[in-house]
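Please read the explanation below alongside the model.

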Amino acid sequence: MKFANVLAFLASSSPAVAGIVRPQEKLLKTDLAYSEPSYPSPWMNPNAVGWEEAYAKAKEFVSQMTLLEKVNLTTGTGWASEQCVGQVGAIPRLGLRSLCMHDAPVGIRGSDYNSVFPSGQTAAASFHRDLIYQRGKYMGEEAKRKGINVLLGPVAGPLGRMPTGGRNWEGFSPDPVLTGVGMSESVRGIQDAGVIACAKHFIGNEQEHFRQMGEAQGYGFDIDESLSSNIDDKTMHEMYLWPFADAVRAGVGSIMCSYQQVNNSYGCQNSKLLNNLLKNELGFQGFVMSDWQAQHTGVASAVAGLDMSMPGDTVFNSGRSYWGTNLTAAVLNGTLPEYRLDDMALRIMAALYKVGQIPEDQEPINFSFWTLDTYGWLHQAAQKDFQQINYHVDVRGDRHATTIRRLAAKGTVLLKNSGILPLKKPKFLAVIGEDAGPNRNGPNSCADRGCDNGTLAMGWGSGTANFPYLVTPDAALQAQAIQDGTRYESILSNYANTQTRALVGQANVTAIVFANADSGEGYINVDGNQGDRRNLTLWKNGDDLIKNVSAICSNTIVVIHSTGPVLVTDWYNSPNITAILWAGLPGQESGNSIVDVLYGKTSPGRSPFTWGATRESYGTDVLYEPNNGNGAPQQDFAEGVFIDYRHFDKADAPLIYEFGHGLTYTTFEYSNLVVSREDADPYEPGSCTTSPAPTFGNHSTNPEDYVFPGNQFPYVYQYIYPYLNVSDLAKAAADADFGQTADQFLPPNATSAEPQPCLRSGDATHPAGNVHLYDPLYHVTATIKNTGKVAAEEIPQLYVSLGGPDDPKVVLRGFDRIHIEPGKQAEFKVTLTRRDLSNWDTVSQDWVITDYPKTVYVGRSSRKLDLSAPLE
């Protein structure tokens, strides 16, 4: 998302910078995917369910605001202008301090005395709704105590279209339903803690290569526009929009639009995405903020649905903004309707009130992202106002570390077990591999974790946080060995071949080999990986390390820390490899969590993605080279809904471990599948008309009233203000096209304030689409019995076949995590809604249940489906 201070060095040190990459011939514009316009931008609905009280409070607040204050609330103050990674201007007259927008998906970025949680991907592997909620709740609590108003997560974009995608680990799973659960539980948790959640990156942001033109040019690519993700209507609804709808239904307060284009229109000015899909069809009542430097226009982005500009400047530290002064001028000259600015401010304030924040009673911002020093510049970019900026507040709660450990353990997947696990006081334990040990320079020594030194517990980029400590596998396993009286030795290197052979060749040895594969955000290049992984192999000779150890030791256990699947084809089936575990990115309790699984102290999770036999078996890959001359690279999502297990099922592609696969330390029996039909009301398409666009308050039309008041406070260099420099609007705008009317440069209806018809797929009052989509149609139950000798948690999964020739073989529609004692049984229950059984119809522009026969399956994974029954 955001560049840190490592940008200049990392870009200049990239091997790709040495020569210009010559792209293929440029495509004709008529051959490119097209995003149809949708205007005007929908205004808030005072009767939206769950938002009524927040709307009323926001309306009262915004009605008191001046034009300058509204602009100040919607425009970021500039990169490194305040303490957080992004802030908007304050409204001191009404008691509202500057709002703080801050990362991260795993914890508070750049701060101290905060926790580092497991990645979203690892959380998804737990299939544990309550722990995913608790993760969000504790992240929100920590953010609130630091003074953060908007926490920039959770992540549903990337969904995980390609296994090599650099930021897949920040999200949950390539399955939209599992990701949807992760999104909704995280949103509820964060916002229950009193912080606004920001669902990101909306939408189709599936790779790091070419996401930003400037970033790509820094790597030597000769392109003049960012990548376009070309997604058809059906795929958009059934895959990529699905988890964002779940976030909206959970009441998410903000959504971040993405860097890249969708169907050749930039995400933060794409009216089809923001106005039509998000605010109209899904009825989203919160505010849309731009990713950092993802805004490309001024008035055009505002009428297309953008509500907040981040970080406010057009280019970092330029002192220039598409909004700020220009937004003020746009209202004064009539090119931006006043109601649109009112709606932008209203949405921001409503989101604030919805999570219980009160303008005059907020936690002060008690940290600075830009330094860990106690004293420093309040305005870092301008080097102005030296004072205390870090108060080093310890925001870690009593149960946070325990929850991190539990979630990381339950999100570890036992892929293979020949019976060696769980360990029971082994006589001699030998731990091999750099990934078991520490980064010798400290766990936070690489900026934004832009390296792969020592054990891997998070990826790299803006989605990172500083470790308060990092329990390594080596430390935790050694502690357990001492407790058990086990002989213990470790070699924390992938290249000490002689010493490793000598160690693992001894009698009575149980060898545990640790290896990893890393990835992250595109502004950091690690070993030639420009965010996205270059391949699916283990890093630092990890595959050879595993093969060399297992060639000598007949009891070799493999533990993988990675940001997604890796290729295990060459060694997974070796009889000497007795167990394989995927431990994801576990966060600060890494070592303790893997001990809990290895020694049978908890039940492991299930794989949130498929482990293919080859890279090619996935059917999708990152676009590594431009394919449209120097124009926007074109990434066609031609596979439609067939990614991950859906693709493997359709193509009968070779795989090693399927989606949802995972072993436990006992056995379960599935039986007694019962399907009962609910007497639901018939589906009624949305049919309504909105009220006219409201405006709140009046403003002066005299430009002289908006000139910077130099006699009231000092000017801060590069700070983005709402004021005019001079009273002449044309001179203040400094725009060669100034003077054009809205009709001359905006699409038809872009500024209309007239009542608008609802979409048939939308709803008059209920967010997240037509309320009848969520009507229960079937109740499904099954009996699960623990036929083994130990208590454990089973993760039953429910899949549905939608039956059509263009449908996947099965799609996930429900799951649970159930603790069952030996010899006991439990009931697995799932309610199927109309949405679960529907397809998106591109003709009627609505969800429909087709006439094709539908079947429900219950089992242990996408391929181990023990029970089935028709849906009649």
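How many aromatic pairs does a search of the whole structure find? The search finds 28, where rings of Phe, Tyr and Trp (its six-membered ring) pair if their centres lie within 6.5 Å, and planes under 30 degrees apart count as stacked, over 60 as edge-to-face and the rest as tilted. The model is predicted, so local features need pLDDT of at least 70 and side-chain atom pairs count only at pLDDT 80 or more, while totals for chains, interfaces and linings use all residues. Residues are numbered from 1 along each chain as its sequence is written, and side-chain values use heavy atoms, with hydrogens and water left out.

A pair of aromatic rings is described by the distance of the centres and the angle of the planes. For W79 and F316 these values are 4.3 Å centre to centre and 15° between the planes, and the pair is stacked. W79 lies in the loop between helix 3 (67–74) and strand 1 (86–87) and F316 in the loop between helix 11 (299–303) and helix 12 (325–332), so the pair ties together parts that are 237 residues apart in sequence. Helices (H or I, at least four residues) and strands (E, at least two) are DSSP runs, numbered from the N terminus. W79 counts as buried at 7% relative accessibility, and F316 is buried with a relative accessible area of 15%; buried means under 20% relative accessible area, exposed over 50%, partly exposed in between (1.4 Å probe, protein chains only).

W79 also pairs with W370: the ring centres are 4.9 Å apart and the planes are at 85°, so this pair is edge-to-face. W370 is in the loop between helix 13 (338–354) and strand 9 (375–379), and the pair links parts of the chain 291 residues apart. Both W79 and W370 are buried. Elsewhere, F708, F713, Y715, Y719, Y721 and Y723 form one aromatic cluster.

Charged side chains also meet rings. K354 lies over the face of W51, at 5.0 Å from the ring centre, and the charged end of R487 sits over the ring of F428, 3.7 Å from its centre. A charge sits over a ring if NZ of Lys or CZ of Arg is within 6 Å of the ring centre and within 35 degrees of the ring normal.

Next come the strands. Why is strand 4 (residues 196–202) described as largely enclosed by the rest of the structure? Seven of its seven residues are buried, so the strand is largely enclosed. Strand 3 (residues 150–151) runs parallel to strand 4 and is joined to it by two bridges; two strands pair if DSSP finds at least two bridges between them. L151 stands opposite A197 in strand 4. From strand 3 the chain passes through helix 6 (residues 176–192) to strand 4 in a right-handed β-α-β crossover. Right-handed here means that, with the strands pointing away from the viewer, the path from the first strand over the helix to the second runs clockwise. Strand 4 also pairs with strand 6 (residues 254–257), in the parallel sense over three bridges, and C198 stands opposite S254 in strand 6.

A separate description covers an open sheet of three strands, with the order 7-5-18 and parallel pairing. Strand 7 (261–262) and strand 18 (634–636) stand at the edges, each with a single partner strand, so one side of each is left without a neighbour in the sheet. Strand 5 (residues 228–230) is joined to strand 7 by two bridges, and S229 stands opposite V262 in strand 7.

Helix 17 (residues 542–552) has G542, D543, L545, I546, V549 and S550 as its buried residues. They cover an arc of only 160° around the axis, which puts them on the same side of helix 17; the arc is that of the directions from the helix axis to the C-beta atoms. These buried residues pack against elements including strand 12 (428–432) and helix 16 (497–504), with contact meaning heavy atoms within 4.5 Å.

Finally, some loop residues. F210, in the loop between strand 4 and helix 7 (213–218), is buried, with a relative accessible area of 2%. Its contacts beyond four places in sequence include L623, Y624, E625 and P626. F210 and P626 are 416 residues apart in sequence and 8.1 Å apart in space, C-alpha to C-alpha. N441, in the loop between strand 12 and helix 15 (473–484), counts as exposed at 64% relative accessibility.
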